[in-house]
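Reader: I have a new structure open and would like to go through it. Can we take it piece by piece?

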Amino acid sequence: MAQQIIFFVLAAIIAIFSILAVTSKRIIRSATYLLFVLLATAGLYLLLGYNYLFAVQIAVYAGGVMVLFIFAILLTNKPGESLKTELPVRRVAAGVTAIAGLAFCAHVIYWNIAKVTTLVEKADLTPQQLGHTMMGTDKYQYLMPFETISILLLACIVGAIMIARKR
Amino acid sequence: MDILNNILAGQIPMELYLGVSLIMFFAGIYGFLSRRSMLMILISIELMLNAADINFVVFNRYLFPGQMEGFFFALFTIAIAACETAVAIAIIINIYRNLTSVEVGTLDQMKE
């Protein structure tokens, strides 16, 4: 029963704060609401039994990405200034698009996924298993994507410095 | 009714997780289409990526609990999202330095 209560609290946090994040007038508030959404998502990962993903989500998103966002907002915004949105016509069009897509996908999910709701009890993902899968070269092991990601991170560091430095 | 029975029997059904990520994803789409500030658009993109991550993990956990493909996809998506945010924020700061504004409508001044 506790699991259900935690799930519904997290789901309510995600739903409310993700909508607030895209409708808020102040951008710093939007960033704060985004932080709440990311933390609640980390909670969902914990609820599903993936502890490592929980730690990664907290460290990378709530730690790294949010700091970048706050820096960028403080560097580019005048304090106390509220944001302009698009024209009302476009906002209505965006809302209609979002709600139509939401209704369509909800219909698809409800009619197709309702047949497969068996949750196997334990995810049993030990750190050894995780490390072997991440560092192995066999089938279904991920050394190659891991190294590709590290090259991508290096390129991203160099590129970000090149773009953002003063000439 | 099935959903209600599952909840009372002590299992959270899969479509509730998918519904949560659905709301998050379409909130992201609404923000992407209705905002002018590039930082707000970036926040919306983060919301959408995060919703996709939840979907990967939930599908892995419910449908293929013995395997780890969805888990690693989510892991690598988080890393790629961090890279993308860093580069995008560098670009936004550079644009702000040139135009003193981060609104999408002023971007076509970059041509001149």
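Reader: To start, where does A:Thr76 lie?

Author: A:Thr76 lies in helix α3 of chain A. Helices here are DSSP runs of H or I with at least four residues, strands are runs of E with at least two, and both are numbered from the N terminus. Before going on: this is a predicted model, in which local features need pLDDT of at least 70 and side-chain atom pairs count only at pLDDT 80 or more, while totals for chains, interfaces and linings use all residues. Residues are numbered from 1 along each chain as its sequence is written, and chains are lettered from A and ligands numbered from 1 in the order in which they are written.

Reader: ok. Is A:Thr76 buried or exposed?

Author: A:Thr76 counts as buried, because it has 20 C-beta neighbours inside 10 Å. The cut-offs are 20 or more other C-beta atoms within 10 Å for buried, 12 or fewer for exposed, and partly exposed in between, with C-beta atoms placed from the backbone.

Reader: And what does A:Thr76 touch?

Author: Not counting residues up to four places away in sequence, A:Thr76 touches B:Leu39, B:Ile92, B:Ile93, B:Tyr96 and B:Val102. Touching, or contact, is when two C-beta atoms, placed from the backbone, lie within 7 Å.

Reader: How many residues of chain A are in contact with chain B?

Author: 68 residues of chain A are in contact with 62 residues of chain B. On the chain A side, α1, α2, α3, α4 and α6 (143-164) each supply at least two residues. The largest share, 13 residues, comes from α4(A).

Reader: What classes of residue are on that side of chain A?

Author: The side of chain A that touches chain B has 48 nonpolar, 16 polar and 4 charged residues. Nonpolar covers Ala, Val, Leu, Ile, Met, Phe, Trp, Tyr, Cys and Pro, charged covers Asp, Glu, Lys and Arg, and the others, Gly among them, are polar.

Reader: Back up a bit. How many helices and strands does chain A have?

Author: Chain A has 6 helices and 0 strands, so its pattern along the sequence reads α-α-α-α-α-α. Buried residues make up 21% of its 167 residues.

Reader: Take α1(A). Which of its residues are buried?

Author: They are A:Ala11, A:Ile14, A:Phe17, A:Ser18, A:Ile19, A:Ala21 and A:Val22. What covers them includes α2 of chain A, together with α2 and α3 of chain B.

Reader: How do α1(A) and α2(B) cross?

Author: Their axes come within 8 Å and cross at roughly 5 degrees. That makes α1(A) roughly parallel to α2(B). Axes are lines fitted to C-alpha atoms, for helices over the stretch in contact, and angles run from 0 to 180 degrees between N-to-C directions. Angles under 35 degrees count as roughly parallel, over 145 as roughly antiparallel, 65 to 115 as roughly perpendicular and the rest as oblique.

Reader: What about α2(A) and α3(B), at what angle do they pack?

Author: About 5 degrees, with their axes 11 Å apart. α2(A) and α3(B) are therefore roughly parallel to each other. The residues of this contact divide into 15 nonpolar, 3 polar and 2 charged. Among those that meet are A:Leu34, A:Val37 and A:Leu38 in α2(A), and B:Leu39, B:Leu47 and B:Val57 in α3(B).

Reader: Which residues touch the most other members of the largest nonpolar core?

Author: A:Val37, B:Met24, B:Leu39 and B:Val57 do, in a core of 67 residues. A nonpolar core is a set of buried Ala, Val, Leu, Ile, Met, Phe, Trp, Tyr and Cys residues joined through C-beta atoms within 7 Å. Leaving aside neighbours within four places in sequence, A:Val37 is in contact with A:Ile14, A:Phe17, A:Ser18, A:Ala21, B:Met24 and B:Leu47.
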